[in-house]
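Please keep the sequence and the coordinates in view while reading.

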Amino acid sequence: MIPLWVKIGYTVMAVGVAVIYWYRYGPQNFLWFSDIALFGMVAGLWLESALIASVLTAAVLLPELLWNASFFGRLLSGRSVSGLADYMFEKERPLWLRGVSLFHIPLLVVLVWAVWRLGYRTDALPYVIGIGWIVLPLSYLLTDPERNINWVHGFGPTRHRPWHPLAHLGISMVGFPVLVFLPGHWFLTWAFG
């Protein structure tokens, strides 16, 4: 159902990203939801698992769409749609390292294609929320607040939060399911369920 060349090509890309990011950013970087989706889809493709593809796509569909819109919007018009992909235009980052982050483009394509090919499991939402509720506290406890992985230490590059840090984590644990996971799930259910 999933062609062998897709499985091999995607796996090579994911391993390449993993090696470079481990060396450059360390293992804490792998707690980003997009990195979890990137690596998790290796298993999803090889196992041809509709559940894995569904869970990962619902978790990151909206952020990946926003990242791609931000990147291409700024690339084509010079204007930033959001700050999500602004680091791709920072001249102090080596061009080759910014190039590695282009994995967001094929990631979005492969996620949506896999769900189209394998079908969307409408029972994916509880798994997505469960993973989110594990990853967000881990991101808070195990990562450098300056990195602000999954925005658990505040909103935006300034990490703005007008409340206690643990309150922000609690808001994130409610906000991700309501504002990110649920709309992604609804769209995928409508389109592929």
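This is a predicted model: local features need pLDDT of at least 70, side-chain atom pairs count only at pLDDT 80 or more; totals for chains, interfaces and linings use all residues.

A cavity, in the sense used here, is a set of grid points where a 1.4 Å probe fits but cannot get out, and a residue counts as lining when it has an atom within 4 Å of such a point. Rolling a probe the size of a water molecule over the atoms shows where empty space is left. With that criterion, helix α3 gives the most to the lining of the largest cavity, namely four residues.

The structure holds one cavity of 30 Å³ or more, and the volume of the largest cavity is about 70 Å³. Its lining consists of Phe33, Ile36, Ala37, Val55, Leu56, Ala59, Val60, Val128, Ile131 and Gly132. In terms of residue class, nine of the lining residues are nonpolar and one is polar, with no charged residue.

Two packed helices are described by the angle between their axes and the distance between the axes. For α2 (residues 33–47) and α3 (residues 50–77), the angle is about 150° and the axes lie 9 Å apart. Because an angle over 145 degrees counts as roughly antiparallel, α2 is roughly antiparallel to α3. The crossing in which α2 passes α3 is left-handed. On the α2 side, the contact is made by Phe33, Ser34, Ile36, Ala37, Gly40, Met41, Ala43, Gly44 and Leu47, and on the α3 side by Ile52, Ala53, Leu56, Val60 and Glu64. This contact of α2 with α3 comprises 10 nonpolar, three polar and one charged residues.

From α1, the residues Leu4, Val6, Lys7, Ile8, Tyr10, Thr11, Met13, Ala14, Val17, Ala18 and Tyr21 meet Asp35, Ala37, Leu38, Phe39, Met41, Val42, Leu45 and Trp46 of α2. By class, the α1 contact with α2 has 16 nonpolar, one polar and two charged residues.

How do the axes of α2 and α5 lie, and at what angle do they cross? The axes of α2 and α5 (residues 104–118) come within 11 Å and cross at roughly 45°, so the two helices are oblique to each other. This crossing, too, is left-handed. Here Ser34, Ala37, Leu38, Met41, Gly44 and Leu45 of α2 meet His104, Leu107, Val110, Leu111, Ala114 and Leu118 of α5. The contact of α2 with α5 has nine nonpolar and three polar residues, and no charged ones.

Finally, there is the open space to consider. The largest pocket contains about 1,200 Å³ of space. It is lined by 42 residues, and Trp32, Leu84, Tyr87, Asn148 and Trp151 lie nearest its centre. Helices α1, α2, α3, α4 (95–100) and α7 (165–192) each supply at least two residues of this lining. Helix α3 provides the largest share, with seven residues. The lining of the largest pocket divides into 22 nonpolar, 11 polar and nine charged residues, whereas the lining of the largest cavity has no charged residue.

Technical notes: Residues are numbered from 1 along each chain as its sequence is written. Side-chain values use heavy atoms; hydrogens and water are left out. Axes are lines fitted to C-alpha atoms, for helices over the stretch in contact, and angles run from 0 to 180 degrees between N-to-C directions. Angles under 35 degrees count as roughly parallel, over 145 as roughly antiparallel, 65 to 115 as roughly perpendicular and the rest as oblique. A crossing is left-handed if the near helix is turned anticlockwise from the far one by less than a right angle, and right-handed if clockwise. Contact means heavy atoms within 4.5 Å. Ala, Val, Leu, Ile, Met, Phe, Trp, Tyr, Cys and Pro count as nonpolar, Asp, Glu, Lys and Arg as charged, and the others, Gly among them, as polar. On a 1 Å grid over the protein atoms alone, a cavity is a set of points where a 1.4 Å probe fits but cannot get out, and a pocket is an open set with protein on both sides within 12 Å along at least five of seven lines; lining residues have an atom within 4 Å of a point. Grid points are joined across faces, edges and corners, and a volume is the space filled by probe spheres set on the points.
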